[in-house]
Structure formats: structure tokens, C-alpha cells
Amino acid sequence: MKKKLRIEDGAKNYFEKHALLILLGLTGLIVLIVFYDFLVFNKLYLFKGLASDSMVDTYPNYIHIADYLRTEGLPRWSFSQGMGQGIFPFSFPDPLVTMLYALGRDHLAYGIAYMEIAKIFLCSIFFYRLLKKLSVTGLPAILGALSYSFSG
């Protein structure tokens, strides 16, 4: 006796088979909707007000390190911060910021949004893989990865 193929089984198989592509497509769609102005350079991903640490702390530090890398090489000691301090340990917080330094002082602000978008995609992929290791099936894994990647 043949087992009848139900529509639910077909949809379940489709989500299992193409889950990563569906996840990347949905992540890209949400990123396009949320980050559109940053992607087309209408706005910079720097904020005033409650999130002013991006303009007051993070961005000036990125500029300082990018200039230091261009003029001095590998960051060691800088007299441009306070009365002088070692800047090496805090110069490379993650690999994506390191790539951001390559844009240089003039274009670095425009790359921050792209760096954050890359982090969103990486988070969605890694969390999806974690859920698959925990035997979570297609659609719940996609929804969980989307929820995690846009949670911060």
C-alpha cells in the first residue's frame, strides 16, 4: 500500500531542502527594508541621543585607529588618547571592524552600516546551523535564526 503524499509533507520537505536559502532571502529582504537609507547612503549609521556612543566613542576610535594604521602601522602606543596609552588591545574588536579600517578616514562612516549588515547575516547563518545541530527542523530553525539575528 502506497502512502499518500500530503501537502503538509511537501511543504515540510521544501523547507527542509531549501531552508538556508529561504533564511538568506528573508534576511536580505528584512535588511533591505530596515537598512534601505543606509544602503543607498542617504543616512549614516551614527546616532545622537540615547545611542550617542556611536558618535562619541566608537566612530572617533575607528577614525583614530584607521589613521594610526595608515601612518604608523600596527597600533602600539598613542599620545592622541589622554596623556598616552596602549591602543593595541582595543584596536581590533572583531574581524569586520578590521576590514572597516581599510576604507580609510573619509569612507569609514559609510561602511559601518555594511559591517552591521554583515554581522546580521553571519548571526543568522551561525544560529541556523546551531539550531540544525540541535535537530530543529526547517521552518522553526528559519524563524529562530531570524529572531536571533535581528534581536540586537
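## Helix α2 against helix α6

A crossing of two helices is right-handed if the near helix is turned clockwise from the far one by less than a right angle, and left-handed if anticlockwise. In this predicted model, α2 passes α6 in a crossing that is right-handed in this sense. The axes of these two helices come within 10 Å and cross at roughly 30 degrees. An angle under 35 degrees counts as roughly parallel.

On the α2 side, the contact consists of A19, I22, L23, L26, T27 and I30, which meet G138, I142, A145 and L146 of α6. Sorted by class, the residues of this contact comprise eight nonpolar and two polar, with no charged residue.

## T27, a buried residue of helix α2

Helix α2 spans residues 19-39, and T27 lies within it. With a relative accessibility of 0%, T27 counts as buried, because the limit for that class is under 20%. Leaving aside residues up to four places away in sequence, T27 touches I120, F121, S124, L146 and F150. Of these, L146 also belongs to the set of α6 residues that α2 meets.

## Helix α5 against helix α6

Helix α6 covers residues 138-149, and its axis comes within 8 Å of the axis of α5, with a crossing angle of roughly 140 degrees. This angle makes α5 oblique to α6. The crossing of this pair is right-handed.

From α5, the residues I120, C123, S124, F127, Y128, L131 and K132 take part in the contact. Their partners in α6 are G138, P140, A141, I142, G144, A145, Y148 and S149. The contact divides into ten nonpolar residues, four polar residues and one charged residue.

## Helix α3 against helix α5

The axes of α3 and α5 come within 10 Å, and they cross at roughly 125 degrees. At this angle α3 is oblique to α5. The crossing of α3 and α5 is right-handed.

Y59, Y62, I63, A66 and D67 form the α3 side of the contact, while R105, L108, A109, I112 and M115 form the α5 side. Eight of these residues are nonpolar and two are charged, and there are no polar ones.

In soluble globular proteins, nonpolar side chains tend to be buried together. In this model, the largest nonpolar core has 15 residues, of which Y62, V97, L100, Y101, L108, I112 and M115 touch the most other members. At least two residues of this core come from each of α3 (53-71), α4 (95-101) and α5 (104-133). The greatest contribution is that of α3, with five residues. Among the members, V97 touches Y62 and M115, with residues up to four places away in sequence not counted.

## I117 in helix α5

I117 is placed in helix α5. Its relative accessibility of 7% is the reason why I117 counts as buried. Not counting residues up to four places away in sequence, the contacts of I117 include V31, F35 and L39.

I117 and I142 are separated by 25 residues in sequence, and the distance between them is 18 Å from C-alpha to C-alpha. I142 is among the α6 residues that α5 meets.

## Positive phi angles in two loops

F41 is found in the loop between α2 and α3. Although F41 is not a glycine, it has a positive phi of about 65 degrees. F41 counts as partly exposed, because its relative accessibility is 46%.

The loop between α5 and α6 holds S135. S135 likewise has a positive phi, of about 65 degrees, without being a glycine. At 63% relative accessibility, S135 counts as exposed, because the limit for that class is over 50%.

Terms used: Residues are numbered from 1 along each chain as its sequence is written. This is a predicted model: local features need pLDDT of at least 70, side-chain atom pairs count only at pLDDT 80 or more; totals for chains, interfaces and linings use all residues. Side-chain values use heavy atoms; hydrogens and water are left out. A nonpolar core is a set of buried Ala, Val, Leu, Ile, Met, Phe, Trp, Tyr and Cys residues joined through side-chain atoms within 4.5 Å. Buried means under 20% relative accessible area, exposed over 50%, partly exposed in between (1.4 Å probe, protein chains only). Helices (H or I, at least four residues) and strands (E, at least two) are DSSP runs, numbered from the N terminus. Contact means heavy atoms within 4.5 Å. Axes are lines fitted to C-alpha atoms, for helices over the stretch in contact, and angles run from 0 to 180 degrees between N-to-C directions. Angles under 35 degrees count as roughly parallel, over 145 as roughly antiparallel, 65 to 115 as roughly perpendicular and the rest as oblique. Ala, Val, Leu, Ile, Met, Phe, Trp, Tyr, Cys and Pro count as nonpolar, Asp, Glu, Lys and Arg as charged, and the others, Gly among them, as polar.
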